[in-house]
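Welcome! Here is a short briefing to read alongside the sequence and the 3D view. Please keep both open as you go.

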Number of protein chains: 2
Amino acid sequence: MRIAELSERSGVPIPTIKYYLREGLLPRGEATGRNQARYGNEHLSRLRLVRALTTVGGLSVATVREVLAEVGEPGVGLHSKLGLVMRRLPLVGDDIEPREEDRERARAFVTRRDWFFYPDHPALEALAVVLAGHREAGHPVTEADLDRYAESAEQIARVDLDRISGLPEAEDVLEGAVIKTVLGDTLLAVLRRLAQVDESAERNLDEAGRRAAREG
Amino acid sequence: MRIAELSERSGVPIPTIKYYLREGLLPRGEATGRNQARYGNEHLSRLRLVRALTTVGGLSVATVREVLAEVGEPGVGLHSKLGLVMRRLPLVGDDIEPREEDRERARAFVTRRDWFFYPDHPALEALAVVLAGHREAGHPVTEADLDRYAESAEQIARVDLDRISGLPEAEDVLEGAVIKTVLGDTLLAVLRRLAQVDESAERNLDEAGRRAAREG
DNA sequence: GATAGTGGATAGTGTTGGTATCCATAGTGG
DNA sequence: CCACTATGGATACCAACACTATCCACTATC
């Protein structure tokens, strides 16, 4: 297919597709002439992946490029490659510099939960940043809350790993893993909000109030 | 205190503070002269709140302004005000337009789980967007996965509501609720990633491998 | 052979989240 | 009292980001 069809089938405007080509997010099509190229289904699916990661996942173009580069590289095994990719997925901005006490708390937490961890994993630093953010905002997280959240996180991680390992043994396993992880963050945030609404109604409204609210 | 001290104690540069004043994220100090004003602790804590929401929570300046405006308005009760604020917290970009089938699935899901919901709540539309994102990326979410995540979301919401209702009855309850909700998204995402690392190691490494990995 | 479409390059745009500069005025050490 | 720094406030500027527009020589197609 040519660029017009690629655009039509993906819903992405042609100039944007050209932009992604320039930026290396989308491989060039197979050249058939000085100014003609053919794109295949792999381009279409790559394009959809890019859109999902940027729009729903909130990743920047630069991050998507890095992640895709890692996904595309041959060599290391699936498990360690997946680990490499995960490390790149951004969690927090770097505008807050945690104190050593926050880092210490993060390490103590994973140790206390007996979680396996890499001491240099960015998620560990990210935890320190989040703890610092709470602290600086005047609402520090308690150990107890951390633990209750951790319980849920463990459950969720089991679902995540099941979903990932359940992927068919194709070459786009990593792609699927990335999508499920990145979009999974958003999915969970949304479900959490919906569950909060329910729980809040449960606690604050009686049956009549619920019926009234539901009907506008 | 004057602006220099405010800057020093918050770590936010003076020009940025002036920017927040311009943008209405921070109320003006009490004027003591044509070009002098005094700031109090409430300014400092407001400033820290703004920073936490933008840097850790990832909220835009415009969103923070809207949320703060709502928090500051008197009138409606705490419960419904909190609901109003929550509706404003962004979950997904609006670049993806879900199909009616996605919306239908979102509604069916909350109904099936017997969750109380407002038909016009943005989180419901956000769920449709996320489902659409997965679908368009070629990795649709199964009902079973949705259900497993929902279980965890319910647990999490209980923790969230406990944390919020555990806040002391001060005037900044809403502020605390906002912080805990927004930063909570990030906190959970981080914990999830850490739990994934653990779960993945659990499944893929033997004891020797774990020891080796841990030691670099 | 006219017309529309293509790949590729280069330049421009709108938004966001700040910085920098300037000014008249206020506080402060000597 | 006077030099000097700091302040509040306004305005202008800036860098990054994610596109979008234009242009060109060329190709495909009707």
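By class, how many nonpolar, polar and charged residues does the surface near DNA strand D have? There are eight nonpolar, six polar and seven charged residues. Here Ala, Val, Leu, Ile, Met, Phe, Trp, Tyr, Cys and Pro count as nonpolar, Asp, Glu, Lys and Arg as charged, and the others, Gly among them, as polar. A residue is near a strand if one of its heavy atoms lies within 4 Å of it.

This is a predicted model, in which local features need pLDDT of at least 70 and side-chain atom pairs count only at pLDDT 80 or more, while totals for chains, interfaces and linings use all residues. Residues are numbered from 1 along each chain as its sequence is written, chains are lettered from A and ligands numbered from 1 in the order in which they are written, and side-chain values use heavy atoms, with hydrogens and water left out.

**How the two protein copies are related**

**Where chain A meets chain B**

- Chain B brings 83 residues to the contact, and chain A brings 83 residues (contact means heavy atoms within 4.5 Å).
- About 8100 Å² is buried between chain B and chain A, with 67% of it on carbon and sulfur atoms; buried area is the accessible area (1.4 Å probe) that two parts lose on being put together, summed over both.
- Phe116(B), Tyr149(B) and Arg193(B) supply 11% of the area that chain B buries against chain A, more than any other three residues.
- Between chain B and chain A, 28 residue pairs are in polar contact, both at pLDDT 80 or more. A polar contact is a pair of N or O atoms within 3.5 Å; within protein, one must be able to donate a hydrogen and the other to accept it, and residues adjacent in sequence count only if both atoms are side-chain atoms.
- On the side of chain B that touches chain A, helix 9 of chain B has the largest share, 25 residues. Helices (H or I, at least four residues) and strands (E, at least two) are DSSP runs, numbered from the N terminus.
- That side of chain B comprises 45 nonpolar, 17 polar and 21 charged residues.

**Salt bridges**

- Twelve salt bridges cross the interface of chain B and chain A (a side-chain nitrogen of Lys or Arg within 4 Å of a carboxyl oxygen of Asp or Glu).
- One of them joins the side chains of Arg193(A) and Asp185(B), at 3.3 Å from N to O.
- Over all chains, the whole structure has 54 salt bridges.
- Within chain A, Glu100(A) forms a salt bridge with Arg103(A) at 3.4 Å, N to O, and another with Arg107(A), where the closest N and O atoms are 3.2 Å apart.
- Glu100(A) and Arg103(A) sit three residues apart in helix 6 (residues 100-112) of chain A, about one turn of the helix.

**Around DNA strand C**

- Among the 22 residues around DNA strand C, Ile3(A), Asn35(A), Thr16(B), Arg22(B) and Asn35(B) come nearest.
- Of the atoms of DNA strand C within 4 Å of the protein, 61% belong to sugar and phosphate.
- Helix 2 of chain B gives the most to the surface near DNA strand C, five residues.

**Around DNA strand D**

- DNA strand D is surrounded by 21 residues, the closest being Arg22(A), Asn35(A), Ile3(B), Ala4(B) and Asn35(B).
- Sugar and phosphate make up 65% of the atoms of DNA strand D that come within 4 Å of the protein.
- A polar side-chain atom of Asn35(A) lies 2.7 Å from a base oxygen of DNA strand D, and an N or O atom in the side chain of Asn35(B) is 2.7 Å from a base oxygen of DNA strand D.
- Helix 2 of chain A supplies the largest share of the surface near DNA strand D, five residues.
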